[in-house]
Amino acid sequence: MKEYADPRMHTAEHLLNQTMVRMFKCGRCFRAHIEKKKSKCDYHFDRPLTEAEVDGIESSVNRVIDSDLPVREEFLTRKEAQAQYSLERLPEATSNRIRIIKVGDYDACPCIGPHVSATREIGGFRIISSSFEDGVLRIRFKLGE
């Protein structure tokens with residue numbers, strides 16, 4: 001099972017995912033590498049992002065961070081969770097009790113990683129680069145202090 005070292009970065013991944021869903025209807029990332037210094041998320045996509053889109057994503061994520069939304073958890077049975085969420089990124093050994101992480105009214109998804117208690121704890125979010133190849137959009141990002 002993957003161990004997430006940084007609750008700030010992991011919660012930022014949730015915000016980036018929901019921002020991508022809202023802006024582009026592309027779905028959440030299908031692959032991510034989350035580290036303390038910098039992280040990346042891969043999305044099924046059809047083109048590179050424009051500079052204006054990158055700025056828009058970054059601004060949207062930072063607005064949510066500045067909103068200081070509470071981050072909380074709830075638990076659902078596997079059947080209840082499958083009816084509302086994709087469980088494909090959870091480890092196979094996940095029990096019948098599925099943990100859902102809710103970031104205010106902005107995002108909710110199944111997750112096993114640690115998170116901050118409120119979005120303001122994340123600090124500033126910055127996209128350091130994006131690239132597109134073979135139907136995969138990769139977004140690399142960092143957090144401020």
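Predicted model: local features only at pLDDT ≥ 70, side-chain atom pairs only at ≥ 80, totals over all residues.
Colleague: Which residues have the most contacts inside the largest nonpolar core?

Modeller: As a general idea, nonpolar side chains in soluble globular proteins tend to be buried together. Here the largest nonpolar core has 32 residues, and those with the most contacts inside it are Leu 16, Met 20, Tyr 43, Ile 57, Phe 125 and Ile 139. Two or more residues of this core come from each of helix H1 (7-24), strand S2 (39-44), helix H2 (51-66), strand S4 (97-103), strand S6 (125-133) and strand S7 (136-143), and H1 gives the most, with 6 residues.

Colleague: Which residues does Met 20 touch, leaving aside those up to four places away in sequence?

Modeller: With that exclusion, Met 20 touches Lys 25, Cys 26, Tyr 43, Phe 45, Ile 57, Leu 137 and Ile 139. There is also a second, separate core of 7 residues, among them Ala 81, Tyr 85, Leu 87 and Leu 90.

Colleague: Is Cys 26 buried or exposed, and where is the nearest cysteine sulfur to Cys 109?

Modeller: Cys 26 counts as buried because its relative accessibility is 18%, under the 20% cut-off. For Cys 109, which is in no disulfide, the nearest cysteine sulfur is that of Cys 111, 5.6 Å away; Cys 109 also counts as buried, at 8% relative accessibility.

Notes. Residues numbered from 1 in each chain as written. Heavy atoms only, no water. Core = buried A, V, L, I, M, F, W, Y, C linked by side-chain atoms within 4.5 Å. Buried < 20%, exposed > 50% of the residue type's maximum accessible area, 1.4 Å probe, protein only. Helix = DSSP H or I, 4+ residues; strand = E, 2+ residues; numbered from the N terminus. Contact = heavy atoms within 4.5 Å. Disulfide = S-S within 2.5 Å.
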